[in-house]
Structures are given as structure tokens and as C-alpha cells.
Amino acid sequence: MTIKLPEDFFFGAAMSGPQTEGSYNVGGRLRSYWDMWSDKEISAFHNRVGSYVGNDMYHHYEEDIKLLKSMNFKSFRTSMQWTRLLDKNGKLNQEGAAWYHKLIDCANENGIDIYMNMYHFDMPEYLYERGGWENREVVDAYANFVRIAMEEFGQKVKYWFTFNEPIVEPEQQYLHGVWYPYEKNFKKSINVQYHITIAHCLAVNNFRKLEKAGKLCKGAKIGMINCFSPPYTKENPSSADLEAVKMTDGLHNRWWLEVVAHGRLPQDVLDKVQNDWNIEIVMQPGDQAIIAAGKVDWLGYNYYQPTRVQAPDSEFDENGMPCIAKPYIWPDRKMNVYRGWEIYPKGIYDFGMKIKEECPDLPFFISENGMGVEGEEGYMDENGTIQDDYRIEFVRDHLEWIAKSIDDGANCLGYHYWGAIDNWSWANAFKNRYGFIRVCLDKNYDRKEKKSASWIREVAKTNSFE
Ligand code: BG6
């Protein structure tokens, strides 16, 4: 059966500055949190590959843009590294700006829209040392960074995004203890989440001011990108299971949806945190008005896996921290064993319908979806092409559910594949490859198409697939 997507539905690629650019110490680039962590503890990174090289896009950008164009992609999301654009005084670093001008010009000349995201987990080291997102002054420093970037590139970048996955740093660094500094402290995590929220809202406000002053392209848009995951629980749940679903959804999903669609934070979540758990979120006078200005023009929705939860064993842990939920293992789950993530294409539909219900006026697009696989060399044929049928199946199945969500009224405008060109994946480094394009680490970061590249090329050309 042929499945058709709307004619104006767009395809594109998602990547990020810190995972692709490399050239970490040229042109006045400052050190980031990732450079710091790599230096402190290289053994935390797969095969001891730290943050330094990315996929060498700094040198390959012209070839990369042409590859994206050849796949019939209309757009490319990357992020501007704060560490490359500004110096330590918060002023423009001309050499860093010059590289971004080249990248953006090249995309524009090739008819590829740049979707410019302003933060992808990459705090400058000197600001991290001042407390990072725990420090409200860093929030202002971020707003300054965004303003300078928009002033510099506002005439050539139409689509801006404040954050990629703002939930990830609070959780990975301060709640689950997975990323340096490995803390498990809900109070810190929720306050970092709050500060990032204020940072987002201030950035939107800067965008609106510049837009009003005629400093941006005609039709410019501002958005936020987040990893949304529909939470599910077991069959015949108890009321405690349902409460675990509600709070998981509240903290991960509704928190951001309410800010970007309605300019407020979810009251039930604030009540739970501040009244039931007695945890202070440090707010300043005037914050409510700042949050009211956080509404965006559209939303990027990253989807990889569902969240399955059930009631926690107790309300608080041994350190007095609230327990929100504990994982529920669905007996029928199908796993991507390399990443440890469940593959559940219907989840992309379920959350699309949730956006439709809860934020009816907010258009969105799938801003990340993809499959990372370890040991892809094992799938290489005699011509050196990776036969990645698993990736074709993964994307196809998700696109089918996206098409259904559009049929059922979701305002989903397009699809960006994550890691269209293999890139560096944080602590996993180059363990799992996501790309339609392979990056040959042993051959000067050469690019080579995988089987999936010709498949997606056809899909993006015709907006249809079998
Ligand atoms: C998303 C991030 O969560 O998932 C990307 O925005 C990340 O930065 C991608 O690379 C895939 O996850 P991972 O950990 O396998 O790289």
C-alpha cells in the first residue's frame, strides 16, 4: 500500500554543533562543559573518544550541505555553539561568527533552510564553573548570547530555536546522576529546569523585540525543541500507577507544553513540588510575566521511545528525595539493544494527538527520530555500502504513524531525521551510528552513503512510500 504525506510536508536533517563541528580549539572557540568533562575523565566516553572532533563538519560543511540537498532535504537543523560565537566577555568572536556565516551562506545558496538552535547541552566551561544553570546570572548571559546571534544572523536565518531537549541537563546531570557532576538531587534538578525555562522565555522575548524592530527575516519563527515521550503504564493500573504517569507527564512533557503553548507552568506540578514535597523553586518577582512571554510559533518534537512507568515503592528515597515513578517493563516490548531504547512507532502518533488536544493552536514537526546501531561494519557489502535495512524499517514505520496522525488532525508539518550524517554522541561517542551517511573515522572522516540514503531520497522526493 502506498502511503502519502501532504505535498508541503518537509524532510530534513537534525544535528548539533557540539556533535559535528569539531575544531574545538581553533578560531578563538572557548572550552565547553564537554571539553572539561573529556579532560577530567576520558574513560567516561566510549573508546575514550571525547568531545574534540565531532564529525569534522567544520571542514566538511560544503560537502555535507550538498549531501543533504542530494537527499531532497529542504532543511537542516544544527546549533550555534555559544563557545564559538562569543568570547568570555560575552562579545562577538569574529572568527567564530565568520564560520557560521560561511555555513549559513552555503545552506542558503543550496536552497536548504537552516533551523538554528541556540543550545544543545553545551554550556561554556567558564560559566559552568560559575554554577551553570544553577546560577541565575547564567540565564541572563544566555539571553545575551541569543540576542547577539539574532542581531548578527537575523537577516539570513529564518527559523530559530531556543533549546534542544531542555529536560536533559536537569535530569542527566542533577537527577539521575548519569552525566558529570553525577548528582541525584531533585531540588537542584527542578531549579535548573526552572532556570532553563526562564532562559527560554527571555530568548523568545529577545526574538520578539528584534522582530518588531524589523531586524529579522520576513516570516521568521521562534520555536523550542524537546524530547517528548508519551508515558504509559501497565494494564489495570492502580491509582498510584496513574499518579506516577501524571507526574512523569507533568514534569517531562506538560511543563514545556504549557510554557510554549500557553505561557504558564502546570499548576498541579508546582503544587506537588512546592506543597506536597516541600521543595522550594526559587522564583523572582516578575517571573510570571517572563513566563507569559515564552509562547512560541511552533514546536519541535523529538521522539525515540515511549516512557513506561508504574508507582514507585515509596514516596521518598533514603535521602528524602521524592520518588516520582519506577520503570515498568512492558512484556511485549521490542528493543533497540544497542541503545537500550524501546522501539514503539505508535508513540509518535499518541503524542502527536496529545499536542493536538492540549495545544490546538501550536503547529509542530518531528525534529528528531532515528536509530543508532553499533557495529554497522558488520552490515557492509562487498562495495563497502552499509546495508541498513533496519533503519529503513524504523523510519518507514514511524512515518506511517505520522501520516495517520496528520489524517487524524495533528498539525505536523515535517520530519527531521536525527544524525542524518553519523555524528559524535556524547558519552557514547561513535558507538552507535545513526546516519544515512557513514562517516569513515579511519579515512579522514570521509562520507559514504548507506543503503538508507537512496531510500529516503525517494521518499523525500515523492512524499510517499510503500
Ligand atoms: C537526542 C539528542 O536526545 O538524542 C541528541 O538531541 C542525541 O543530541 C540523540 O545524540 C541520540 O541519542 P544518543 O545518546 O544515542 O546520541
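I take a polar contact to be a pair of N or O atoms within 3.5 Å, where within protein one atom must be able to donate a hydrogen and the other to accept it, and residues adjacent in sequence count only if both atoms are side-chain atoms. This is a predicted model, in which local features need pLDDT of at least 70 and side-chain atom pairs count only at pLDDT 80 or more, while totals for chains, interfaces and linings use all residues. Residues are numbered from 1 along each chain as its sequence is written, and side-chain values use heavy atoms, with hydrogens and water left out.

A polar side-chain atom of Glu368 lies 2.8 Å from an oxygen atom of the ligand, and for the side chain of Asn164 the distance from an N or O atom to a ligand oxygen is 2.9 Å. The protein covers 93% of the 370 Å² of accessible area that the ligand has on its own; such areas come from the Shrake-Rupley method with a 1.4 Å probe, and for residues only the protein chains shown count as cover.

I then listed the shell, counting a residue as near a molecule or strand if one of its heavy atoms lies within 4 Å of it. The ligand is surrounded by 13 residues, of which Gln19, Glu165, Arg339, Ser425 and Tyr434 are the closest. By type the shell divides into 6 nonpolar, 4 polar and 3 charged residues, where Ala, Val, Leu, Ile, Met, Phe, Trp, Tyr, Cys and Pro count as nonpolar, Asp, Glu, Lys and Arg as charged, and the others, Gly among them, as polar.

I noted 15 helices and 19 strands in the protein chain; helices (H or I, at least four residues) and strands (E, at least two) are DSSP runs numbered from the N terminus. The C-alpha trace spans about 60 × 55 × 45 Å along its principal axes. The radius of gyration of the protein chain is 21 Å, which agrees with the value near 23 Å that a compact globule of 466 residues would have; this radius is taken over C-alpha atoms, and the globule rule is 2.2 Å times the number of residues to the power 0.38.

Of the 466 residues, 60% count as buried, with buried meaning under 20% relative accessible area, exposed over 50% and partly exposed in between (1.4 Å probe, protein chains only). The chain exposes about 18500 Å², and carbon and sulfur atoms supply 47% of that area. I also looked at contacts (heavy atoms within 4.5 Å): among those between residues at least 6 apart in sequence, 77% join residues at least 24 apart.

Thr162 lies in strand β5, residues 159-164, and is buried, with a relative accessible area of 1%. Its side chain makes a polar contact of 2.7 Å with the side chain of His200. Leaving aside neighbours within four places in sequence, Thr162 is in contact with residues including Asn117, Tyr142, His200, Ala203 and Met224.

I next turned to Leu202, which has its place in helix α9 and is buried at a relative accessible area of 16%. Leaving aside its neighbours within four places in sequence, Leu202 is in contact with Val139, Asp140, Ala143 and Ile290. Leu202 and Ile290 are 88 residues apart along the chain, yet their C-alpha atoms are separated by 6.8 Å.

Helix α8 (residues 168-175) is mostly covered, with 7 of its 8 residues buried, and among the buried ones are Val168, Pro170, Tyr174 and Leu175. Their cover includes α2 (33-40), α6 (125-128), α9 (186-212), β6 (221-227) and α10 (239-262). Just after α8, Gly177 takes a positive phi of about 65 degrees. In the loop between α8 and α9 I found Pro181, which a cis peptide bond joins to Tyr180, with omega about 10 degrees.

Most residues other than glycine have a negative phi, and most peptide bonds are trans. Asn444 has a positive phi, near 60 degrees, and sits in the loop between β17 (437-440) and β18 (446-449). Asn463 also has a positive phi, of about 55 degrees, in the loop between α15 (451-462) and β19 (464-465). Is each of them buried or exposed? Asn444 is exposed, with a relative accessible area of 62%, whereas Asn463 counts as buried at 6%.
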